[in-house]
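This report describes one protein structure for a reader who has not seen it before. The sequence and the model come first, and the description follows.

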Amino acid sequence: MKLINCYIENFGILENFEYSFLEGMNYIEKSHGWGKSTFAIFIKVMLFGFEYFSKEEENFIRKFLAPRDGGNFGGYLVFEIFDKTYKAERYLGKNKKQDTFNLYEISNSKKSQKLDNDIIRSAINIIEFKPLLINRTLNYPSEKEIIIRAFSRGGIDEVVTGQMSDGIYELIKRFTRNIGYGNVNEMPPPFLIFDDSFSYMEYQEMYSVKEFLKQLGLKYQLIYLCCPK
């Protein structure tokens with residue numbers, strides 16, 4: 001799976017925002033409050049809706065990330081699977097009945113053809129790495145603990161590890177092996193999201209982190225969202 005580009009009409013603080021994804025590592029360094037975690041949420045919502053969000057999380061998104069001026073709440077995400085390009089377009093309402101979702105196959109810039117979501121759902125796979133919050137209200141990360149979530153058609157796997165470098169490759173390997181779309185060898189690699197995953201580290205340690213991500217980016221497409229150090 002490879003992300004191509006996205007457009008956010010309104011989603012939290014992000015408004016009329018466009019982003020084109022690079023092949024390997026996508027590095028977004030922005031100050032607190034820019035909307036980094038909101039961007040990560042947007043990507044997941046475009047692909048999965050609220051399937052892997054708790055009811056509490058869904059209510060939070062609908063209430064606090066909806067546009068205040070009544071504008072359209074959502075956008076689209078363009079991605080590629082098995083050399084075919086798709087556009088997932090989702091707009092949210094006050095409840096599920098008011099949500100709209102359309103999935104198109106894009107072919108040579110011609111008119112898009114609407115598809116059934118289930119056709120490519122099994123090939124959509126994301127692995128997210130976030131600090132484990134010991135106080136969600138204050139958004140305060142615990143010391144060197146990280147939560148790893150793997151999203152796929154088969155459900156959501158959740159792992160907590162003490163060290164960022166522990167278990168990442170094994171989780172990715174197990175994830176791509178388990179979700180299965182046809183032959184395992186034909187399974188597209190997952191898209192990786194690092195949402196301020198290294199916030200506990202000192203400035204001096206960040207060089208090795210960036211080198212680690214560069215190496216990871218040689219094999220996987222990933223996005224690293226962080227605050228300036």
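## Salt bridges between strands

At 22% relative accessibility, Glu 80 counts as partly exposed; buried means under 20% relative accessible area, exposed over 50%, and partly exposed in between (1.4 Å probe, protein chains only). The model is predicted: local features need pLDDT of at least 70, side-chain atom pairs count only at pLDDT 80 or more, and totals for chains, interfaces and linings use all residues. Residues are numbered from 1 along each chain as its sequence is written, and side-chain values use heavy atoms, with hydrogens and water left out.

A salt bridge is a side-chain nitrogen of Lys or Arg within 4 Å of a carboxyl oxygen of Asp or Glu. The count by this rule is 8 salt bridges. One of them joins Glu 80 to Lys 2, with the closest N and O atoms 3.8 Å apart. Glu 80 belongs to strand E4 and Lys 2 to strand E1 (residues 2-11), so this pair ties together parts that are 78 residues apart in sequence. Helices (H or I, at least four residues) and strands (E, at least two) are DSSP runs, numbered from the N terminus.

Glu 105 forms a salt bridge with Lys 84, and here the closest N and O atoms are 4.0 Å apart. Because Glu 105 lies in strand E6 and Lys 84 in strand E5, the pair links parts that are 21 residues apart in sequence. Lys 84 is partly exposed, at 42% relative accessibility.

## The sheet

The open sheet has 6 strands in the order E2-E1-E4-E5-E6-E7, and the pairing is antiparallel. Strands E2 (14-20) and E7 (113-114) stand at the edges with a single partner strand each, so one side of each has no neighbour in the sheet. Two strands pair if DSSP finds at least two bridges between them.

Strand E4 (residues 74-81) is joined to strand E5 (residues 84-91) by 8 bridges, and Leu 77 stands opposite Ala 88 in E5. E5 pairs in turn with strand E6 (residues 100-106) over 7 bridges, in the antiparallel sense; Tyr 91 stands opposite Thr 100 in E6. Between E6 and E7 there are 2 bridges, also antiparallel, and Tyr 104 stands opposite Lys 114 in E7.

## Helix H1

Helix H1 (residues 36-48) has 13 residues, and at 1.5 Å a residue they should span 18 Å; the end C-alpha atoms are 19 Å apart, which agrees. The expected span is 1.5 Å times one less than the number of residues.

Of the 13 residues of H1, 11 are buried, so the helix is largely enclosed by the rest of the structure. Among the buried residues are Phe 39, Phe 42, Ile 43 and Phe 48. Just after H1, Gly 49 takes a positive phi of about 65°.

## Aromatic rings

Rings of Phe, Tyr and Trp (its six-membered ring) pair if their centres lie within 6.5 Å; planes under 30 degrees apart count as stacked, over 60 as edge-to-face and the rest as tilted. The structure holds 15 aromatic pairs. One of them, Phe 50 with Phe 53, is edge-to-face, at 5.8 Å centre to centre and 70° between the planes. Phe 50 and Phe 53 are both buried. One aromatic cluster is formed by Phe 17, Tyr 19, Phe 21, Trp 34, Phe 39 and Phe 191.

## Helix H5

In helix H5 (residues 206-217), Glu 211 and Lys 214 are 3 residues apart, or about one helical turn. Their side chains meet in a salt bridge (3.5 Å, N to O). Glu 211 is partly exposed at 29% relative accessible area, and Lys 214 is partly exposed at 45%.
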